[in-house]
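Visitor: I would like to learn how to read a protein model, one feature at a time. Could you take me through this one slowly?

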Amino acid sequence: MADLMPQSDAPTPTTDKITQAARETIYLCNFRVSVDGEWLCLRELNDISLTPDPEPAHEDPKDPIAIERLNLMNMAKLSIKGLIESALNLGRTLDSDYAPLQQFFVVMEHCLKHGLKTKKTFLGQNKSFWGALELVEKLTPEAGEITASVKDLPGLKTPLGRGRAWLRLALMQKKLSDYMKTIINRKDLLSEFYEANALMMEEEGAVIAGLLVGLNVIDANLCMKGEDLDSQVGVIDFSMYLKDGGHSTKTAEGDGQITAILDQKNYVEELNRHLSASVNNLQAKVDAMEKSNSKLTEELAVANNRIITLQEDVERVKEESSYQLQSGRQVSRGGGDGSADALVLGEARKQLKEETQLRLDVEKELEVQIGMKQEMELSMKMMEKDMCEKQDALVELRQQLEDLRALNQQLAHKSQSSEADAKQKSEVISRLEEKTNQMAGTIKLLESRWTAYGREMTTKFMGNSSGGHSCSQHVNCTLPQNL
């Protein structure tokens, strides 16, 4: 049992780090984000080997941190480009409810959170980019007004809310690009807040800072007094950047099948999320059981120490009683006063009885504790069995996802082959139409010749009839052999 459950109450930092990273950037782990013109392309990492993108020579294509940086840079490109185009088409000042502007702030928040160092505090682990943004005030005195305004805003209780408010004020001031370049150029100061492979420490951060220059053409009027920036959930909406189905040239049947497959895939992913939530709940219960087990272990150790102490006291009392009995016998033999010794012996027996009863009570309590521990071990085994079943279900769901992806690829290949066949048939039809047109022209030419020939024959026939020739002789003499 000691091997299954750790004695420490606090969860391991590796588990917290992995869980927090999975919750914040799930899309960064499973997909490769790339830009196709004005659209977003999401491809699973297992499919990249079929159609690989050109990767920088210094990056490992299988490095998850490098993939996250590239994905965030591409998302920032699409977000900034879409925001500028939509704002120019809108032709007015943007407010807080504008969806592309909200998505831009969400993407920037993910970029600033990438690679942050986790700081342990009394209340838990703190992971916020507000500390890095406060450096701008030291490097650029102009930013002191924004920092002071953020600190004076009522309702902001967390560093995350202050960082979000700072981004909005910097955008309204049209200094966001300048401030980002200022802190990115001072990597010696950023190293206190970010890991060495974070986005802000690599060249992707400089690229994003350069792209932010285009936002200076946007006028934004954002009211933050009534907005709850502390509890907002920053989730990137990929549907704003994905291609519309109307641009595709696939057939109606193929589209229906792909839609059905995507619906099934969404259902499986939703079921996977529910199972992940169940696993997290079970993990929380396991942690609680581990804490209670550690407390019971400590109480058991205290009880064992108490039992040992009581046993020592019982042995000491026995020795004292035996000594007093021997001394009483000696006194009784020597004719001394036996009443005092009898009183002492009675008190010793009474004390021995009390100690024995106390020992029995402690042993009963120990038995109860052992029974509770056995019940706890049984419940832990049941929970471990349930977790194994959940993991097996997750494996089956992943296999279903793989099958769906293979079916999707087969449908895509079939659609491409049907498109090629349709193209060939259209070419054959066009050639047949050309031949039909040629034959129609030939028929018209023959008809015109036949008409002219008929007129000529009529004229000759009329002339020959006046000269005394018969119609049959005229026809036999003038008709060509091929007719």
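Guide: Let us begin with a helix, and with the rule that its expected span is 1.5 Å times one less than its number of residues. Helix α3, residues 64-90, has 27 residues and should therefore span 39 Å, and the 38 Å between its end C-alpha atoms agrees with that. Helices (H or I, at least four residues) and strands (E, at least two) are DSSP runs, numbered from the N terminus. Just after α3, G91 takes a positive phi of about 70 degrees.

Visitor: What should I know about the model itself before going on?

Guide: This is a predicted model, in which local features need pLDDT of at least 70 and side-chain atom pairs count only at pLDDT 80 or more, while totals for chains, interfaces and linings use all residues. Residues are numbered from 1 along each chain as its sequence is written, and side-chain values use heavy atoms, with hydrogens and water left out.

Visitor: How many helices and strands does the protein have?

Guide: The protein has 14 helices and four strands. Of its 483 residues, 29% are buried, where buried means under 20% relative accessible area, exposed means over 50%, and partly exposed lies in between (1.4 Å probe, protein chains only).

Visitor: What sits over the ring of F105?

Guide: The charged end of R168 does, 4.3 Å from the centre of that ring. A charge sits over a ring if NZ of Lys or CZ of Arg is within 6 Å of the ring centre and within 35 degrees of the ring normal.

Visitor: What is a nonpolar core, and which residues have the most contacts inside the largest one?

Guide: In soluble globular proteins, nonpolar side chains tend to be buried together. A nonpolar core is a set of buried Ala, Val, Leu, Ile, Met, Phe, Trp, Tyr and Cys residues joined through side-chain atoms within 4.5 Å. Here the largest core has 61 residues, and those with the most contacts inside it are L101, F104, W166, M180, Y194, M200 and L215. Helix α3 gives the largest share of this core, nine residues. Contact means heavy atoms within 4.5 Å, and L215, leaving out residues up to four places away in sequence, touches I80, L83, I84, F104 and L171.

Visitor: Is R164 buried or exposed?

Guide: R164, found in helix α8, is buried, with a relative accessible area of 3%. Apart from neighbours within four places in sequence, R164 has contacts that include E109, F129 and D230.

Visitor: Where is K174, and what is its phi?

Guide: K174 lies in the loop between α8 and α9, and has a positive phi of about 60 degrees although it is not a glycine. With a relative accessible area of 32%, K174 is partly exposed.
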